[in-house]
Amino acid sequence: MGEFDLIKNYFEQPQTDDDFVQLSIGDDCALVSVPENGWLAITTDTMVENTHFLPSISPQDLAYKALATNLSDLAAMGAKPKWISLALTLPNIDENWLAAFSQSLLQTLKDYNVTLIGGDTTKGGLSVTITAQGLLEKGNALCRHQAKVGDLIYVSCTLGDSAAGLQQILAGKKALSFEEKFLQQRHLRPTPRLALGQGLIGIANAAIDLSDGLISDLGHILQRSRCAAEIDLSALPLSASLLTLHDRTQAEQFALSGGEDYELCFTLPPENQPLLEARLKNLDVSCTCIGRIVPAFEGKWEKEKCGQFSIRFLRNGEPIDYSAKLGFDHFKE
């Protein structure tokens, strides 16, 4: 089977009925139109075997997670996902693997009403690169540089589950109990918070998705917005499954530095809390206030650009000394 047979057999779909797609798979480029008053949000993520996923991952889970992580980036901007392109690098052609991967990918695309419009295949070490594109109204993007002093800091759902699930997988632990299954699924099947991201438009100032850990990712907001934060550790939302299998100290470490939760962290003016609560009634996700944005600590920006040095930790409202590992960095691990 050649490259073009692979694309035709596993990834080519009937012409989409999306009015914005002028030309899809089968040419040098896909062509899409953008609404007159719209912005196009574009994100690209690469997942490489033994760096982002283990060789033991199923093709179904790999396809789902590769797509979900990209959609999570769009969610953090408040964009509505529309299209993706896929670059797939394979060591060889395994038709059973390809069938399982492509079926999972296409089903997940259908679930989120997203269209595959192009891509590439090549031979090499297994990796998956997806470029996702979404639409939003001009001027309505949730950006990292827009946090304001006085904003409240929120996170969605619970934190630390994915890191705990990965720890189990790395230890070769079979998921037998409900708690073990829950944590491992939170790692393998994260939920992109698309509806929440779109629901934050007009009421939140800044947002980011939590891929590298709360400390690291919140640090990006603080760096871009030139401010600092106070985080109350007692407010961190931790799942019952996480607290059943780990003590509070370990659970907090997972939540702060573990990464790959793909929940949203966002900043909200206090006066918009009633609007957030009203919008959350129509969304199947909880959000928890864990702190607030404060002025940049004196002298800190000259010494450290982001991370825990721009975050003051509290417990039950009282300042504490707390040392936490920063989140994942590809070139420091």
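Biologist: Which residues does the UniProt annotation "binding site" cover?

Modeller: According to that unreviewed entry, His-52, Glu-260 and Phe-328. UniProt positions follow the numbering used here, feature names are shortened, and annotations may be inferred rather than shown by experiment. The model is predicted: local features need pLDDT of at least 70, side-chain atom pairs count only at pLDDT 80 or more, and totals for chains, interfaces and linings use all residues. Residues are numbered from 1 along each chain as its sequence is written, and side-chain values use heavy atoms, with hydrogens and water left out.

Biologist: Where is Glu-260 found, and is Glu-260 buried or exposed?

Modeller: Helices (H or I, at least four residues) and strands (E, at least two) are DSSP runs, numbered from the N terminus. Glu-260 sits in the loop between α9 (248-257) and β10 (264-268). Buried means under 20% relative accessible area, exposed over 50%, partly exposed in between (1.4 Å probe, protein chains only). Glu-260 has 18% relative accessibility, so it counts as buried.

Biologist: Which residues does Glu-260 touch?

Modeller: Contact means heavy atoms within 4.5 Å. Leaving out residues up to four places away in sequence, the partners of Glu-260 include Lys-65, Ser-162, Arg-186 and His-187. A polar contact is a pair of N or O atoms within 3.5 Å; within protein, one must be able to donate a hydrogen and the other to accept it, and residues adjacent in sequence count only if both atoms are side-chain atoms. The side chains of Glu-260 and Lys-65 make such a contact at 2.7 Å.

Biologist: What do the buried residues of α5 pack against?

Modeller: They pack against α2, α4 (161-170) and α8 (240-245). Arg-186 and His-187 are among the buried residues of α5 (residues 178-188).

Biologist: What is the order of strands in the open sheet?

Modeller: Two strands pair if DSSP finds at least two bridges between them. The four strands run β3-β6-β4-β5, with mixed pairing. β3 (38-48) and β5 (115-123) are at the edges with a single partner strand each, so one side of each lacks a neighbour in the sheet. β4 (residues 80-90) and β6 (residues 127-137) pair in the antiparallel sense over nine bridges. Trp-83 stands opposite Gln-133 in β6.

Biologist: Which strands does helix α2 touch?

Modeller: Helix α2 (residues 59-77) packs on the sheet and touches β3, β4 and β6.

Biologist: Which loop holds Tyr-262?

Modeller: Tyr-262 is in the loop between α9 and β10. Tyr-262 is not a glycine, yet has a positive phi of about 55 degrees. With a relative accessible area of 10%, Tyr-262 is buried.

Notes:
Axes are lines fitted to C-alpha atoms, for helices over the stretch in contact, and angles run from 0 to 180 degrees between N-to-C directions.
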